[in-house]
Amino acid sequence: MQILAPDADGIQRAVALLRGGLLVAFPTETVYGLGGDAMSDLAVARIYAAKGRPRFNPLIAHVSDMAMARRLAVFDDKAEALAARFWPGPLTLVLPLRMDAGLSPYVTAELPTVAIRLPAHPVARALIAAFGGPLAAPSANPSGRVSPTRADHVVDGLQGRIAAVIDGGACEVGVESTILGLFARTELLRPGGVTVEAIEALTGPLAIGGDTARPNAPGQLASHYAPNAPVRLKAVDTRAGEVRIGFGDGPCDLNLSPKADLIEAAANLFHLLRAADALSQGRPIAIAPIPDTGLGRAINDRLRRAAAPR
Ligand code: TXA
Ligand code: MG
């Protein structure tokens, strides 16, 4: 597996690999994505294989500008307004797929909708622009495991299964994009890097997508982001033998944010889950309560999945 620099030369090498139908992981502002040519059945099939991802779980098509986005999906006024406000950035819109989009049907798992995101990270945008078409890119981790926020996380999980990773350092946001379904109602399918509060300021109250029997977005299965160790949430007490992840003041082994800042906590979340896992050697991981506002909503969503029975 090649480690590429986040410069013009690295991007050129990555584009050559992608043109050959191979897979390249790249940094985005949320987490590292595992990129492949979204128009190629072979490349997209390789993404599912490398991750061990179930075929019914569709992928996000990443674009570098609005023109590319509008070739893939039908944008109504609401979609245009959301894109104008939050793109480039950590928001994914699920929209009606255009008949002439040309995407591999594996990207959408044959749904009539497509998830689209225009990332803010300069390396991601430069890569997609240089490739000249959309990249299908799930988070660059084996299915069910913690998402990667650094190139070495990608190497840990996917070594030997993909061609290369562009090393762009640590991801700034640290949790995946917020996913909105623009159906008859605007539905929150996954809380993420754009806060619900910021979206609702534009759209009014969001509906919560899905129901308890059916995962919101098909990939939002109960057990996900799973460390090897069992996880105890909202841990106000300390118990002997546990590795404790703190938030704000108080004794702990690792701290998401000593100053109790949710933005900092989101950026540290996946790295500290990995670090706690390595430290614990199978002992339980206890995590301090996190407020359920702003980015805390995305953090708590990921933590619930990390703690879910498996
Ligand atoms: O921040 C992110 O979104 C990252 C970076 C790499 O961009 N990507 C990411 O991809 O988180 P992934 O594959 O790990 O999560 C995509 C989610 C899945 O839960 C999937 O089910 C959902 O998006 N999804 C994709 N297409 C969909 C569709 N047409 N309808 C509903 N959900 C969809
Ligand atoms: Mg993922």
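**Exercise 1.** Locate Asn141 in this predicted model, and decide whether Asn141 is buried or exposed.

Solution. 
Step 1. Asn141 sits in the loop that runs between strand 7 (135-136) and helix 6 (151-158).
Step 2. The relative accessibility of Asn141 is 2%. Buried means under 20%, so Asn141 counts as buried.
Step 3. The side chain of Asn141 reaches the backbone oxygen of Arg145 at 3.1 Å.
Step 4. With neighbours within four places in sequence left aside, the contacts of Asn141 are Lys51, Val146, Ser147, Pro148 and Leu158.

**Exercise 2.** Lys51 belongs to helix 2 (residues 41-51). List the buried residues of helix 2 and state what they pack against.

Solution. 
Step 1. The buried residues are Ala43, Val44, Ala45, Ile47, Tyr48, Ala50 and Lys51.
Step 2. An α-helix has 3.6 residues a turn, so residues three or four places apart point the same way.
Step 3. The buried residues of helix 2 pack against strand 3 (33-37), strand 7 and helix 6.
Step 4. Just after helix 2 comes Gly52, with a positive phi of about 65°.

**Exercise 3.** Describe the surroundings of Val146, a contact of Asn141.

Solution. 
Step 1. Val146 is placed in the loop between strand 7 and helix 6.
Step 2. Val146 has 6% relative accessibility and therefore counts as buried.
Step 3. Leaving aside neighbours within four places in sequence, Val146 is in contact with Asn141, Tyr225, Ala226, Pro227, Phe270, Leu273 and Arg274.
Step 4. Val146 and His271 are 125 residues apart in sequence, and their C-alpha atoms are 8.8 Å apart in space.

**Exercise 4.** Into which domains is the protein divided, and how do they meet?

Solution. 
Step 1. The division gives domain 1 (2-208) and domain 2 (231-307).
Step 2. The C-alpha centres of the two domains lie 26 Å apart. To the contact, domain 1 contributes 23 residues and domain 2 contributes 14 residues.
Step 3. About 1500 Å² is buried between domain 1 and domain 2, with 57% of this area coming from carbon and sulfur atoms.
Step 4. Val146, Val175 and Pro191 supply 33% of the area that domain 1 buries against domain 2, more than any other three residues.
Step 5. Between the domains there are 7 residue pairs in polar contact and 1 salt bridge. The side chains of Glu176 and Arg302 meet in a salt bridge, at 2.8 Å from N to O.
Step 6. On the side of domain 1 that touches domain 2, helix 6, strand 10 (186-190) and helix 7 (196-203) each supply at least two residues.

**Exercise 5.** Place Glu200 in the fold and classify its accessibility.

Solution. 
Step 1. Glu200 lies in helix 7.
Step 2. Its relative accessibility is 30%.
Step 3. Apart from neighbours within four places in sequence, Glu200 is in contact with Pro205 and Leu206.
Step 4. Gly248 is 48 residues from Glu200 along the chain, with 28 Å between their C-alpha atoms.

**Exercise 6.** Which residues of the largest nonpolar core touch the most other members?

Solution. 
Step 1. This core has 66 residues, of which Phe75 and Trp87 touch the most other members.
Step 2. Not counting residues up to four places away in sequence, Phe75 touches Met66, Ala69, Arg70, Glu80, Ala83, Trp87, Leu93, Leu95 and Ile116.
Step 3. Another core, of 29 residues, lies apart from the largest one; among its members are Ala229, Ala266, Ile285 and Leu295.

Methods. Residues are numbered from 1 along each chain as its sequence is written. Chains are lettered from A and ligands numbered from 1 in the order in which they are written. This is a predicted model: local features need pLDDT of at least 70, side-chain atom pairs count only at pLDDT 80 or more; totals for chains, interfaces and linings use all residues. Side-chain values use heavy atoms; hydrogens and water are left out. A nonpolar core is a set of buried Ala, Val, Leu, Ile, Met, Phe, Trp, Tyr and Cys residues joined through side-chain atoms within 4.5 Å. Buried means under 20% relative accessible area, exposed over 50%, partly exposed in between (1.4 Å probe, protein chains only). Contact means heavy atoms within 4.5 Å. Helices (H or I, at least four residues) and strands (E, at least two) are DSSP runs, numbered from the N terminus. A polar contact is a pair of N or O atoms within 3.5 Å; within protein, one must be able to donate a hydrogen and the other to accept it, and residues adjacent in sequence count only if both atoms are side-chain atoms. Domain bounds come from an automatic or database domain assignment. Buried area is the accessible area (1.4 Å probe) that two parts lose on being put together, summed over both. A salt bridge is a side-chain nitrogen of Lys or Arg within 4 Å of a carboxyl oxygen of Asp or Glu.
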